[in-house]
Amino acid sequence: MGLPEGQTLQLDTMTVELFLDLHSQPCRAVYLFAKKANIPFEYKKVDLASGEQYGEEFGQISMVRKVPVLRDGDFILTESIAILMYLAEKFSTPDHWYPAESQKRARVNEYLSWQHKAIRESGSKIFWFRAMVPLLTGAPVDQERMDSAVEDLTSSLTIFEEKFLQKTSFIIGQDISLADLVAIVELMQPVGTGLDVFEGRPLLGEWRDRVKKELGESLFDEAHHVIMHAHTLPQELEDKGMLEFLKPRLKKLFN
């Protein structure tokens, strides 16, 4: 579970505001990093299920109308990767998160650049196909499209194991980095729908266990609580009047 809206972890002149909803993979990466690295921040929940991102108040913060968003005084930053890098540099977090050494940093950047059109794209698609689209459109997702998305994710997982992990403990070697955070939150998204992407992949499963141990099991489970209860999201959307609002957008996106 995330912190109650408006609760502050630590108040001082360095505190930043993070606008998040932990249903979102990028928000979970930012949240995990901020908590684990002891970054002083104020948690500002943006309730995506109620459409808060479309409201006037949030629109004044970010015209992009997506989370996460960071506000540091008058400075506002969108895009999770940019936020992670900003936090690492502003708060001088331990070097392993975003190494100063050029080749290690390049490896982090390489993964962060690759994952958008690989694990993130196919994993997100599977989440929507399995958890949301049938309810919102009134029809099951075409099996061919589902199979194609699973095939794309399977291919990406193989590349992840053989190129990015190989026989190392984490993506850049023996230390966890921002790359591992971004990877784990994306892989947990389809898991939330009941598709265990780690099954039959011992290398991947062992890496997940190391990431979870490094972050701390309690923090890991806290950040992923809402997505591991994704089956409640459709009802939550209905209760908050968002189903009808989303239907035409999803039909356009997935039909």
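Below I note what I looked up, element by element.

**Entry 1: the model.** I remind myself that this is a predicted model.

Entry 2: I began with S1, residues 16-20, and found five of its five residues buried. I then looked at where the side chains go: Val16, Leu18 and Leu20 point one way, while Glu17 and Phe19 point the other way. In a regular strand, side chains do alternate between the two faces of the sheet. Next I asked which strand pairs with S1. S2, residues 41-45, runs parallel to S1 and is joined to it by five bridges. Across this pair, Glu17 faces Glu42 of S2.

**Entry 3: between H1 and S2.** I stopped at Asn38, which lies in the loop between H1 and S2. Asn38 is not a glycine, yet its phi is positive, about 55°. Is Asn38 buried or exposed? I noted it as exposed, because its relative accessibility is 64% and the cut-off for exposed is over 50%.

Entry 4: I checked the peptide bond from Val67 to Pro68 and found it cis, with omega near 5°. Pro68 belongs to the loop between helix H2 (56-61) and S3. From there I followed S3 (residues 69-72) into S4 (residues 75-78); the two run antiparallel, with four bridges between them. Arg71 sits opposite Ile76 in S4. Two residues lie between the strands of this hairpin, and Gly73 has a positive phi near 65°.

**Entry 5: helix H4.** At the start of H4, a side-chain oxygen of Glu101 comes to within 3.2 Å of the backbone nitrogen of Gln103.

Gly123 counts as buried because its relative accessibility is 1%, and the cut-off for buried is under 20%. What does Gly123 touch, leaving aside neighbours within four places in sequence? I found Leu153 and Pro190.

Entry 6: The largest nonpolar core holds 69 residues, and Phe33, Tyr111, Phe160 and Trp207 have the most contacts inside it. Helix H7 (residues 178-191) gives the most to this core, with ten residues.

**Entry 7: Gln166.** I came to the loop between helix H6 (143-165) and H7, where Gln166 is found. Gln166 has a positive phi of about 50°, although it is not a glycine. With a relative accessible area of 48%, Gln166 is partly exposed.

**Entry 8: helix H9.** Last, I listed the buried residues of H9 (residues 217-224): Leu219, Phe220, Glu222, Ala223 and His224. What covers them? I noted that the cover includes helix H1 (25-36), H7 and helix H8 (202-215).

Methods. Residues numbered from 1 in each chain as written. Predicted model: local features only at pLDDT ≥ 70, side-chain atom pairs only at ≥ 80, totals over all residues. Heavy atoms only, no water. Pairing = 2+ DSSP bridges. Polar contact = N/O pair within 3.5 Å; in protein donor to acceptor, adjacent residues only side chain to side chain. Core = buried A, V, L, I, M, F, W, Y, C linked by side-chain atoms within 4.5 Å. Buried < 20%, exposed > 50% of the residue type's maximum accessible area, 1.4 Å probe, protein only. Contact = heavy atoms within 4.5 Å.
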